[in-house]
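This briefing covers a residue and its surroundings, a sheet and a disulfide. Please look at the structure below before reading on.

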Amino acid sequence: QVQLVESGGGLVQAGGSLRLSCAASGRTFGNYAVGWFRQAPGEEREFVAAISGSGGYASYEDSVKGRFTISRDNAKNTVYLQMTSLKPDDTAVYYCAAYGTGFYSGRLQQEENDYDYWGQGTQVTVSS
């Protein structure tokens with residue numbers, strides 16, 4: 001079992017930055033790939049970014065490429081999402097999620113059904 005807790009959300013002006021954190025329980029965190037998803041009001045939840053267990057591989061949704069960076073510190077059981085050049089369209093509840101995989105596996109899932117563990121979400125609001 002893995003428990004995930006997000007933090008770092010808030011209100012920011014367009015063009016600003018935020019860093020989200022996803023803290024995980026468990027002693028084998030490196031055996032889990034972690035993804036960030038988001039859900040805007042009235043919209044379906046969508047993939048944002050994912051990172052492999054080792055941190056050596058990452059993937060991004062096209063609209064956030066070059067603006068968001070996913071990283072992880074396995075010693076701290078934490079995954080980060082650094083968000084820069086934020087836009088009002090980035091406003092959403094952001095969720096982190098995880099699924100078990102090999103530490104060196106570079107294959108990253110982008111469908112929410114492939115993720116087994118979810119956090120409760122953190123609100124990000126970008127004002128224009």
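The side chain of T122 reaches the backbone nitrogen of G9 at 3.2 Å, a polar contact (a pair of N or O atoms within 3.5 Å; within protein, one must be able to donate a hydrogen and the other to accept it, and residues adjacent in sequence count only if both atoms are side-chain atoms). This is a predicted model: local features need pLDDT of at least 70, side-chain atom pairs count only at pLDDT 80 or more, and totals for chains, interfaces and linings use all residues. Residues are numbered from 1 along each chain as its sequence is written, and side-chain values use heavy atoms, with hydrogens and water left out.

**T122**
- T122 lies in strand β11 (residues 122-127); strands are DSSP runs of E, at least two residues, numbered from the N terminus.
- T122 counts as buried because its relative accessibility is 11%, where buried means under 20% relative accessible area (1.4 Å probe, protein chains only).
- Leaving aside residues up to four places away in sequence, T122 touches E6, S7, G8, G9, L20, A92, V93 and Y94, contact meaning heavy atoms within 4.5 Å.

**Sheet**

**Disulfide**
- C22 and C96 form a disulfide with sulfur atoms 2.1 Å apart, the cut-off being within 2.5 Å.
- C22 in strand β3 and C96 in strand β9 are 74 residues apart, and both are buried.

Technical notes:
Helices (H or I, at least four residues) and strands (E, at least two) are DSSP runs, numbered from the N terminus. Buried means under 20% relative accessible area, exposed over 50%, partly exposed in between (1.4 Å probe, protein chains only).
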